[in-house]
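Here is a short note for a colleague opening this structure for the first time. Please read it with the structure in view.

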Amino acid sequence: EKESLEISLKNCPDILAAGGVLAVICYSSFEDRIVKETVRESRDRWERMTRKPVRPDPEEIQRNPRSRSARLRSFRKVA
């Protein structure tokens, strides 16, 4: 799973057109760390769209308890 995530993230800059958006939902801090580090390694190719990860609000967690650990990060391809 870790290798698949890393490979997918490293291939995204070649797949997305300039201005394309990459949105990643992580359900564990382990996955979130991989996303942050991989994007940081190629920061000249990505613009952060969300300063901090977007977390579910209390109403969403009440409707869907499994969403409590979700973190959404989004990035725009610069060039």
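Where do Glu6 and Lys2 both lie, and how many residues apart? Point 2 takes this up.

1. A word on the source. This is a predicted model. Please keep that in mind throughout.

2. Glu6 and Lys2 both belong to helix α1, which covers residues 2-15. They sit four residues apart, about one turn of the helix. Their side chains form a salt bridge, with N to O at 3.7 Å. Glu6 is partly exposed at 24% relative accessible area. Lys2 is also partly exposed, at 42%.

3. The wider count. Searching the whole structure gives four salt bridges. Side chains of opposite charge can pair when their charged atoms come close. Two further pairs deserve a look.

4. From helix to loop. Asp14 and Arg45 meet through their side chains in a salt bridge of 3.6 Å, N to O. Asp14 is in helix α1, while Arg45 is in the loop between α2 (29-41) and β2 (46-48), so this pair ties together parts 31 residues apart in sequence. Asp14 is exposed, with a relative accessible area of 59%. Arg45 is partly exposed, at 28%.

5. From helix to strand. The side chains of Asp32 and Arg73 form a salt bridge at 2.6 Å, N to O. Asp32 lies in helix α2 and Arg73 in strand β3 (residues 71-77), so the pair links parts that are 41 residues apart in sequence. Are the two residues buried or exposed? Asp32 has 6% relative accessibility and counts as buried. Arg73 is buried as well, at 9%.

6. The largest pocket. Its volume is about 220 Å³. Arg73 is one of its lining residues. Which elements each supply at least two residues of the lining? They are α2, β2 and β3. By class, the lining has seven charged residues, three nonpolar and no polar.

7. The largest nonpolar core. Ten residues make up this core.

8. Two loop residues. Ser67 is placed in the loop between α3 (58-63) and β3. Ser67 is buried, at 8% relative accessibility. Not counting residues up to four places away in sequence, Ser67 touches Pro56, Glu60 and Ile61. Ala17 is in the loop between α1 and β1. Ala17 is exposed, with a relative accessible area of 55%.

9. Ala17 and Lys77 are 60 residues apart along the chain. Their C-alpha atoms are separated by 7.2 Å. Please find this pair in the view.

Terms used
Residues are numbered from 1 along each chain as its sequence is written. This is a predicted model: local features need pLDDT of at least 70, side-chain atom pairs count only at pLDDT 80 or more; totals for chains, interfaces and linings use all residues. Side-chain values use heavy atoms; hydrogens and water are left out. Buried means under 20% relative accessible area, exposed over 50%, partly exposed in between (1.4 Å probe, protein chains only). On a 1 Å grid over the protein atoms alone, a cavity is a set of points where a 1.4 Å probe fits but cannot get out, and a pocket is an open set with protein on both sides within 12 Å along at least five of seven lines; lining residues have an atom within 4 Å of a point. Grid points are joined across faces, edges and corners, and a volume is the space filled by probe spheres set on the points. Ala, Val, Leu, Ile, Met, Phe, Trp, Tyr, Cys and Pro count as nonpolar, Asp, Glu, Lys and Arg as charged, and the others, Gly among them, as polar. A nonpolar core is a set of buried Ala, Val, Leu, Ile, Met, Phe, Trp, Tyr and Cys residues joined through side-chain atoms within 4.5 Å. Contact means heavy atoms within 4.5 Å.
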